[in-house]
Amino acid sequence: MQSGSNGRVIHECGALLARSQGVDLLGLRVGYASTSITLGRDGNSITRMVTVAGHGVNHRLDQAVRALVREAAASGMAPVDIGSRLDALVRDTPRYPGWLVAIAVGVACAAFAGLFGADQRAMLATLLASGIGQSLRQIMHRHGINVFVIVAAVALLSAFLGGLGARLDGSGTVDLALFGATLLLVPGVPATNAQVDVVDGFPTLGSARAVSVLMVMVFVAVGIWLAQMLLGMQT
Amino acid sequence: MTALLAHVLHQAALGALAAAGFGVLFNAAPRALVFCAVGGALALALRTALQDNGWSLEAASFVAAVAVTLLAAGVLRRWLGSGATAVAVAGCIPMVPGAFFARALLGLFALTAPNATGLDQTLAVTIVAMLRVVFTLGGIGAGIAISLTVLRRREF
């Protein structure tokens, strides 16, 4: 969940691991904020619930966890070993350096703006503004700040810098630079997962994801609105 | 014909950049980034070609999402395993209708501004933009979900 998997993957993970441990009763509920599991064998059962610490997207960690599940299921790995391997994966899975992510996000948002019809001056402003916005997001995330507050702050900074930069550079599509710079915040993976979860038979989880996507977009709108006010673009 | 091809290639190149950039943000493996870029290019090329032939944005986005997902989950699985699904999603990200979302937001701000004028026209433009965002996002999501279901994907 914390690396961007959908509900079906969590279910398959749980079922594979449980079967490899000789469990003959399995009940699994995957929720947005918590996951609970009931295991039973020889007439005895146990139920545990864990909190989902946060939602993100991390493909390499996601793939590594699935590989671990496959290996553990095939070899009947002891639960304590699975736990220690999982901790090691979370700790050691490589990530791109922050500066590289900021540049990549800047390029992606500039390309997005180009797709909307932004001119080259606006694309350059979008690149710089969204790269700076991504850096702010990383800093605020490290400090454990509420995710929606981060979204509003990053949207405000990125939109303001994008709009200001495009205006100072003489762009004819200032509004597209302003909006394009906030596209790093568009929750594309959660939005897709929401629909996949509903299709796969997890409507509660899918609905919760959809609501969180909607809330993110509301906070993006707040940031953009404030940036427009600061730039004097409100009528 | 040349102008159409140039337009498709332009959109495909920008789609590739956007998909690869978001692939880095999603911490996709370096090898998968190449496939993300190819997926984004294919999605935008197909969508643009269909739109240039009179298709609506929503229908073209749906077909492009289906095509990219079938290609990724069906062909790339042997090289990327279950990561092929992630490539399909990253490839479809550049099709998110940000321009219409921006237009809808601008419209909402204009509707609620003090001393707003031309409310009827602004309201119509805003509602149309919002509906296009909803339908296009729905088309992309449905294209991915239906394709994955049709392929009866195995996540492990």
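Visitor: How many bridges join β1(A) to strand β2 (residues 34-41) of chain A, and do the two run parallel or antiparallel?

Guide: Six bridges join β1(A) to β2(A), and the two strands run antiparallel. This is a predicted model, in which local features need pLDDT of at least 70 and side-chain atom pairs count only at pLDDT 80 or more, while totals for chains, interfaces and linings use all residues. Residues are numbered from 1 along each chain as its sequence is written, chains are lettered from A and ligands numbered from 1 in the order in which they are written, and side-chain values use heavy atoms, with hydrogens and water left out.

The names of the elements come from DSSP runs, numbered from the N terminus (helices are H or I, at least four residues; strands are E, at least two). Two strands pair if DSSP finds at least two bridges between them.

Two facing residues illustrate the first pairing. Leu25(A) lies opposite Gly40(A) of β2(A), and Val30(A) lies opposite Thr35(A), also in β2(A). The two strands make a hairpin, with three residues between them.

Taken together, the three strands form an open sheet in the order β1-β2-β3 of chain A, with antiparallel pairing. β1 (25-30) and β3 (44-51) of chain A are the edge strands; each has a single partner strand, so one side of each has no neighbour in the sheet. From one strand to the next, the twist averages 10°. In a regular strand, side chains alternate between the two faces of the sheet.

A helix accompanies these strands. Helix α1 (residues 7-20) of chain A packs on the sheet and touches β1 and β2 of chain A (contact means heavy atoms within 4.5 Å). Its direction makes about 155° with that of β1(A); axes are lines fitted to C-alpha atoms, for helices over the stretch in contact, and angles run from 0 to 180 degrees between N-to-C directions.

Elsewhere in chain A, Thr182(A) sits in the loop between α7 (174-180) and α8 (188-199). Thr182(A) counts as buried because its relative accessibility is 4% (buried means under 20% relative accessible area, exposed over 50%, partly exposed in between, with a 1.4 Å probe and protein chains only). Leaving aside residues up to four places away in sequence, Thr182(A) touches Ala155(A), Ala159(A), Val220(A) and Ile224(A).

Chain B has seven helices and zero strands, and its C-alpha trace spans about 60 × 40 × 30 Å along the principal axes. Of its 156 residues, 53% are buried. Among contacts in chain B between residues at least 6 apart in sequence, 69% join residues at least 24 apart.

Ala64(B), in helix α3 (residues 57-75) of chain B, is buried, with a relative accessible area of 0%. Beyond residues up to four places away in sequence, Ala64(B) touches Ala43(B), Leu46(B), Arg47(B) and Met95(B). Ala64(B) and Ile140(B) are 76 residues apart in sequence, and 8.0 Å apart in space from C-alpha to C-alpha.
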